Each structure stands twice: as structure tokens, then as C-alpha cells.
Amino acid sequence: MEARGQWAEAFSSGLRAASIAGVVYLAFAAAKLILGYLLGSIAVEADGVHTLADSLTALAVYIGLRLARERPTSKFPFGLYKAENLAALVVSVAIGAAAVEIAWESIRPRPLVVGDPLLLIALESASAVVYYGLASYLRRSRGSIFSSLSAEAAHAFQDVLISIVVVVGVLGQVWGYMWIPSAVGLGISIFILYQAYLIGKSSILTLLDAGDVTATSRIEEIVTRVPGVVGVHDIRTRRAGPFLMASMHLETSPAISVRDADAIADRVEEILRAKMPDLLMVTIHEEPGRPSSNLRVAVFEDSSGYVADRAADAEKILIVDPSGATEEIPNPAPGGPMRNVASMLEQKGVSVAIIGEAGHERLMAFRASGIDIYRSPHVPAIDAVERFRNGELRRSDN
């Protein structure tokens, strides 16, 4: 419920910010179009047309966020979250178009017939200050987690540069140095095109359900540290608007019950949601851990280093990591109950214990500790581990 409240607040903040941006752009578009036309400034008039386009992109952002806020329906079971990415794509196209416009005006500047240059400079300077404040407000807004509003913030900052270009253009015309606005305008247009490329690329990849490599690595890092998890594979992630969707195959010890495996999966989901607040949907498929997984194996040895027939009769226990590192310890309870031995192995992260085929003893304590029992012929302990890795040993049902 708390997460829902945070997202609701983010959507409300984003809609409010998009509305404010639209009103600001529309007001300056009207002022620039009117004054540019009356005072004979083609540059200011063109900037007015560009600002009018900005107000339309703000409207696109608003519509995108309104659609993304809608709950899933039978027709759209995964919601309309990607409408927000579609709006960001529209903004990126508008940014790119503005960059091309500036580059064209920079390469082939037209003579400016300015009736009152001070008034036009004041208007463009005021718009630069307001746009800077707008960009700062959009970035501080809780709605900035949405890619479309983040793109609009970048757009507002670029509009600051565009206003400066227009001021330089007016001054260059007044002073007779037309190369100044051409050079500055061309440099800024290249920068804006690059920003449009980044925003557009991110939006298109999201719309095409591209995987999030960073999120996938983060999920794997978190999940493998959860107690009871043997391994995780087939992690698939995709983004939809500000949210992350994920699915994975979770491996647990074959020795535990279905109920215990479900409990581990629930714990994994709980931890993932706590550490990744943008995770909206997660699907976890549980399956028994495979011998090839990252399992720590313990082998009960006799005095000669071979697999002992009975765990209680073993003199030593060989523990082998997936990396091949070994640790050999004395049997802490020779001839006695296995409860303490099982607890000790559990603390060492052991998931599989190997004993001989000929022995007969009840080893329920190992099952209770989540340790699976495999039977091996009378071979050297390290060979038994290799056979287990190759899937050649049978699991004991006792």
C-alpha cells in the first residue's frame, strides 16, 4: 500500500509539472510570435514556432502520464505504462527537429530587420531564465522518475541555450558579426541532437521490450545472497514506463518440501521489492537445484579417504566448493546422532551430503537442515564429488 501511495504521488506530481510546462511554453510562444512578427525579427518568430512545438510536447507528456496511470484492464492486462515511453519518444523527435532548425539557421543565417532589439533581447533573456527555472523544477519533481518528464526537463534546459542563441543572433546582426551566432548555434544544435538520440534510443528500446542488463545483474546479485537459494537462472527483465517487470527460475535444494520452497520464493520477492522499488511485477518459477548448480558438497570419509558406508562411522568430512576448493574436518559426532553434524554443515552452506551405498541409517536431521543425501560406491571422496557433478549418483529417499 505504501508503494502504491508513492507511485500515485509521483503520477500526480508528474501531471502537475507537465501542465505547468505546457502553460509556460504556450505563454512565451504567443509573446515571441507576436513580437517577432510586429518587430520584424525572423529569428524570434522562428523561436516562437519552436516554443509552440514545445507546448505540444508538454501536452504529449501529460497525455502519456494520464494513460500510464490507468489500471490494467482485460484488454490491456499489463497496463498502459508504455504510453509514457511513447510520449518520451515524441519529445525526442521534437528535440531533434529543434536541433535541425537551429543548425539550418546557423549555416544559412538570414538578415534580421529588428525594430527594437532591446525588447527582443529582454524577451529572450526572460525566457532563458524562466526555462532554467522550469528545468530545475521538473528535475526536482517527484514525477522526474518518468522518462518522458525527465526528457522534458532536458528539453527545457536546451531551450535555455536556444534563447541564448537567439540573443547572440540579434546582437551579431546589430554589430555586424554574423559568424558568431552561426558558430554558437551549430555547436548547440549538435549537442541537442545527441540528447535527442539518447532519449529516443531509450524510449525505442523500452517499447521493443529490450532487457535491462543493469537490473538483471542487480537481481542476480540480490537473489543469490538469500538463504536457501541454490541458484537462479533465466532472469528476464523489461521496462514499461517507470516500472520494471522481471521473471526468473529459482533453484532450491531438492531435499526441502514444496512449502519450504514457496517460503523461500516469497522471501526472495519480498527482498527484491524492498531493494528495487521500481519492480512492479515479478514472476518466480521454483525448481529443484541441479547438480551443476553452485552447490557445496560434503563427503563422509573413512580412515582411508574413501566414501564411508555410514555417516556416523565416518572419521572425516570433506567439504568441496563449486570452485573446487576443499576443506577437511573431523567428524564432530562419530558414532552418535547426526543432529549436530547436520546443523554444523548447514552453517557451512552445505547443500548435499554424500555417503556410501551399503550403509543403512536414518538421516532425517539432514533433510530437516535442507541438506540432500546422495549415495556413492566405495570410491575416493573427491571422485564421489566428481560423479555427483556429472549426475551419476542417485539421491537417497530415506
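Let's start at Ile317. Which residue is the bridge partner of Ile317 in E6? The partner is Ile329. Keep in mind that this is a predicted model.

Now step back to the two strands. E5 covers residues 316-320, and E6 covers residues 326-330. They run antiparallel, and five bridges join them. Together they make a hairpin with five residues between the strands. Look at Gly324 in that hairpin. Gly324 takes a positive phi, near 105°.

Next, the nonpolar cores. How many residues are in the largest one? There are 49. Five of them touch the most other members: Leu134, Leu138, Phe146, Leu149 and Ile192. Where do the core residues come from? Helices H1, H2, H3, H4, H5 and H6 each supply at least two, and so does strand E2, residues 243-252. The largest share is from H5, with eleven residues. H5 spans 147-175, if you want to find it on screen.

Zoom in on Ile192. Setting aside residues up to four places away in sequence, Ile192 touches Ile95, Ala99, Ile102, Gln158 and Ile162. There is also a second, separate core. That one has 23 residues, among them Ile222, Val223, Val232 and Ile264. As background, nonpolar side chains tend to be buried together in soluble globular proteins.

Now a residue of another kind: Asn85, in helix H3. Is Asn85 buried or exposed? Asn85 has a relative accessible area of 2%. Buried means under 20%, so Asn85 is buried. What does Asn85 contact, leaving aside neighbours within four places in sequence? The list is Ser147, Ser203, Thr206, Leu207, Ala240 and Gly241.

On to the rings. The count of aromatic pairs comes to five. Take Tyr25 and Tyr131. Their ring centres are 5.5 Å apart, and their planes meet at 50°. Why is this pair called tilted? Stacked needs planes under 30 degrees apart and edge-to-face needs over 60, so an angle of 50° makes the pair tilted. Tyr25 lies in helix H1 and Tyr131 in helix H4. They are 106 residues apart, so to speak from distant parts of the chain. Both tyrosines are buried. Phe28 joins in too: ring pairs link Tyr25, Phe28 and Tyr131 into a cluster.

Last, charges over rings. The charged end of Arg139 sits over the ring of Phe157, 5.6 Å from the ring centre. Arg238 has its charged end over the ring of Phe78, at 5.3 Å from the centre.

Notes:
Residues are numbered from 1 along each chain as its sequence is written. This is a predicted model: local features need pLDDT of at least 70, side-chain atom pairs count only at pLDDT 80 or more; totals for chains, interfaces and linings use all residues. Side-chain values use heavy atoms; hydrogens and water are left out. Two strands pair if DSSP finds at least two bridges between them. Helices (H or I, at least four residues) and strands (E, at least two) are DSSP runs, numbered from the N terminus. A nonpolar core is a set of buried Ala, Val, Leu, Ile, Met, Phe, Trp, Tyr and Cys residues joined through side-chain atoms within 4.5 Å. Buried means under 20% relative accessible area, exposed over 50%, partly exposed in between (1.4 Å probe, protein chains only). Contact means heavy atoms within 4.5 Å. Rings of Phe, Tyr and Trp (its six-membered ring) pair if their centres lie within 6.5 Å; planes under 30 degrees apart count as stacked, over 60 as edge-to-face and the rest as tilted. A charge sits over a ring if NZ of Lys or CZ of Arg is within 6 Å of the ring centre and within 35 degrees of the ring normal.
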